[in-house]
Amino acid sequence: MSEGQVDLPVDWARRIDKLPADGGPSGSAWLRRLPGLLAEVLERWSVQVTGPPMTGRTALVVPVRRDQIPLVVKVVWPQPETAAEHLALRAWAGRGAVRLVAAEPSSGALLLERLDPQRTLAHVPTDDACGVIGSLMSQLHVPAPASIPTVAEHLERHLPTLEGGVAASGVPRRIVTRTLGLARELLAEPGVPRLLHGDLRVDNVLGGRVGAEDEWVAIDPQPLAGHPGFDLQPLLCSRFDELGTGSALRWAVRHRLELVADSSGIDDEQLRLWSLVRTGLQIGWAAAGGHVDRESRQIAIFKALDA
């Protein structure tokens, strides 16, 4: 039997409550079901709550214990980007990623090994972090299971935001044209789809694995199947203030790309081109949401990659 009560963090719950439905329930509808969902999975998995929950953007992570083993229960607001997380974690089986102990796909609940949330790549020098992420890519990019959504499907779903919603925002037409044309060219190239993490930034790489404290592993995938080059872009945006401006920013972006190419074995030109496409997507989302600062940062990265 489970023990302990999970109190939802107030600020996190307020943010979730405002989310509109995105292929699933609205944030407010999901929050109403969440206490009951948590109680059911805690009992079903015979775990005891051992501390207050941690939160991500849309995730709640509850520290638990079972048979004296520290674990966490993770639940995420349902949306297409996270629906295949359990499938990716099962395919990786702990190689380069957090270990999946159990999953309940119908509720979106996961039982995972517990890592040290304070030990992230955000606290590691940037060059070293790039090397770690490149090495993780070489482990994570296994042949993709057939059930994983593809990069092509992802682009088909989201490129209209760039094409249709950006025209009035002041984003240069050249960026729109370049992104759409390059996406068509890259998707036409043959290749075996690889399993991509989808959100491989420094905050999503943790250490502190029991028995291997120096090992870095990825968490919180938003998995896709496609070319490995599509996985780089979140790293280019991480710790943006360190990139500088002007020519320094261009050098820093290219330097990160080269470090990852060296440690992952992925062709640097493919990394650059796929990162351009993904940066174009980010520009579209930022512009459509009215996020001026984020849009400006993404345009700067786009120009650094395309110069």
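**Charges, cysteines and a loop glycine**

Colleague: Which residue forms a salt bridge with Asp203?

Modeller: Asp203 pairs with Arg201, and the closest N and O atoms are 3.6 Å apart; a salt bridge here is a side-chain nitrogen of Lys or Arg within 4 Å of a carboxyl oxygen of Asp or Glu. Bear in mind that this is a predicted model, where local features need pLDDT of at least 70 and side-chain atom pairs count only at pLDDT 80 or more, while totals for chains, interfaces and linings use all residues. Residues are numbered from 1 along each chain as its sequence is written, and side-chain values use heavy atoms, with hydrogens and water left out.

Colleague: Is Asp199 buried or exposed?

Modeller: Asp199 is buried, with a relative accessible area of 14%, where buried means under 20%, exposed over 50% and partly exposed in between, using a 1.4 Å probe and protein chains only. Arg201 is partly exposed at 30%, and Asp203 is partly exposed at 42%.

Colleague: How many salt bridges are there by this rule?

Modeller: The count comes to 16 salt bridges. One of the pairs is Glu269 with Arg272, whose side chains meet at 2.8 Å, N to O.

Colleague: How many residues apart are Glu269 and Arg272 in helix H9?

Modeller: They are 3 residues apart in helix H9 (residues 268-288), which means that about one helical turn separates them; helices (H or I, at least four residues) are DSSP runs, numbered from the N terminus. Glu269 is partly exposed, with a relative accessible area of 34%, whereas Arg272 is buried at 13%. Both residues belong to a network of salt bridges that also links Arg174, Arg178 and Asp306.

Colleague: Switching topic, which residues form the negative surface patch?

Modeller: Glu258, Asp262, Asp267 and Asp268 form that patch. Patches are made of residues with over 30% relative accessible area and no salt bridge, like charges being joined within 9 Å, and Asp and Glu count as negative while Lys and Arg count as positive. Within this group, Glu258 lies in helix H8 (residues 246-264) and is partly exposed at 43% relative accessibility.

Colleague: And which residues gather in the patch of positive charge?

Modeller: Arg15, Arg57, Arg294 and Arg297 gather there, on the surface. Among them, Arg297 lies in helix H10 (residues 292-306) and is partly exposed, with a relative accessible area of 35%.

Colleague: What about cysteines: how many disulfides does the structure hold?

Modeller: The structure holds 0 disulfides, a disulfide being a pair of cysteine sulfur atoms within 2.5 Å. Cys130 is in no disulfide, and the nearest cysteine sulfur to it, that of Cys237, is 12 Å away. Cys237 is likewise in no disulfide, with the sulfur of Cys130 as its nearest. Cys130 is buried, with a relative accessible area of 0%, while Cys237 is partly exposed at 23%.

Colleague: Last one, where is the place of Gly23?

Modeller: Gly23 sits in the loop between helix H1 (10-17) and helix H2 (27-44), and at 80% relative accessibility Gly23 counts as exposed. Although Gly23 and Thr82 are 59 residues apart in sequence, their C-alpha atoms are 11 Å apart in space.

Key
Patches are made of residues with over 30% relative accessible area and no salt bridge: like charges are joined within 9 Å, nonpolar side chains (Val, Leu, Ile, Met, Phe, Trp, Tyr) within 5 Å. Accessible areas come from the Shrake-Rupley method with a 1.4 Å probe; for residues, only the protein chains shown count as cover. The place of a charge is taken as NZ of Lys, CZ of Arg, CG of Asp or CD of Glu. Helices (H or I, at least four residues) and strands (E, at least two) are DSSP runs, numbered from the N terminus.
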